[in-house]
Amino acid sequence: MNEKINEAIKRSGLKKKWIAEQLDITYNSLRRKLKGEIPFTKLELEKIYSILEKYI
């Protein structure tokens, strides 16, 4: 799942820092979540899918 999100972010051209701000988390937390070090919460996944829905 994290690979799909990473690919969608790349296709979207959106900055990870901006996405982190939309999720109300730090850039470092987003980076760790994308690497699979810590899990996304259900709410974070819902938000990220709504931001990236046309790229996934």
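Visitor: What does the secondary structure of the chain come to?
Guide: Keep in mind that this is a predicted model. From the N terminus on, the elements run α-α-α-α. The count is therefore four helices and zero strands, where a helix is a DSSP run of at least four residues.

Visitor: What radius of gyration does the chain have, and what would a compact globule have?
Guide: The C-alpha atoms fill a box of roughly 25 × 20 × 20 Å along the principal axes. For 56 residues, a compact globule would have a radius of gyration near 10 Å. The chain agrees with that, at 10 Å.

Visitor: What share of the contacts joins residues 24 or more positions apart?
Guide: Take the contacts in the chain with a separation of 6 or more. Residues 24 or more positions apart account for part of them, namely 54%.

Visitor: How much of the chain counts as buried?
Guide: Buried means under 20% relative accessible area. The chain has 56 residues, and the share that counts as buried is 30%.

Visitor: How much of the accessible surface belongs to carbon and sulfur atoms?
Guide: The accessible surface of the chain comes to about 3900 Å². The share of carbon and sulfur atoms is 51%.

Visitor: Is Tyr-49 buried, partly exposed or exposed?
Guide: Tyr-49 lies in helix 4, residues 42-52. Buried means under 20%, and exposed means over 50%. Tyr-49 has 31% relative accessibility, so Tyr-49 counts as partly exposed.

Visitor: Which residues make the nonpolar surface patch with Tyr-49?
Guide: The patch covers about 280 Å². Patch residues need over 30% relative accessible area, and Tyr-49 has 31%.

Terms used
Residues are numbered from 1 along each chain as its sequence is written. This is a predicted model: local features need pLDDT of at least 70, side-chain atom pairs count only at pLDDT 80 or more; totals for chains, interfaces and linings use all residues. Side-chain values use heavy atoms; hydrogens and water are left out. Patches are made of residues with over 30% relative accessible area and no salt bridge: like charges are joined within 9 Å, nonpolar side chains (Val, Leu, Ile, Met, Phe, Trp, Tyr) within 5 Å. Accessible areas come from the Shrake-Rupley method with a 1.4 Å probe; for residues, only the protein chains shown count as cover. A salt bridge is a side-chain nitrogen of Lys or Arg within 4 Å of a carboxyl oxygen of Asp or Glu. Helices (H or I, at least four residues) and strands (E, at least two) are DSSP runs, numbered from the N terminus. Buried means under 20% relative accessible area, exposed over 50%, partly exposed in between (1.4 Å probe, protein chains only). The radius of gyration is taken over C-alpha atoms; the globule rule is 2.2 Å times the number of residues to the power 0.38. Contact means heavy atoms within 4.5 Å.
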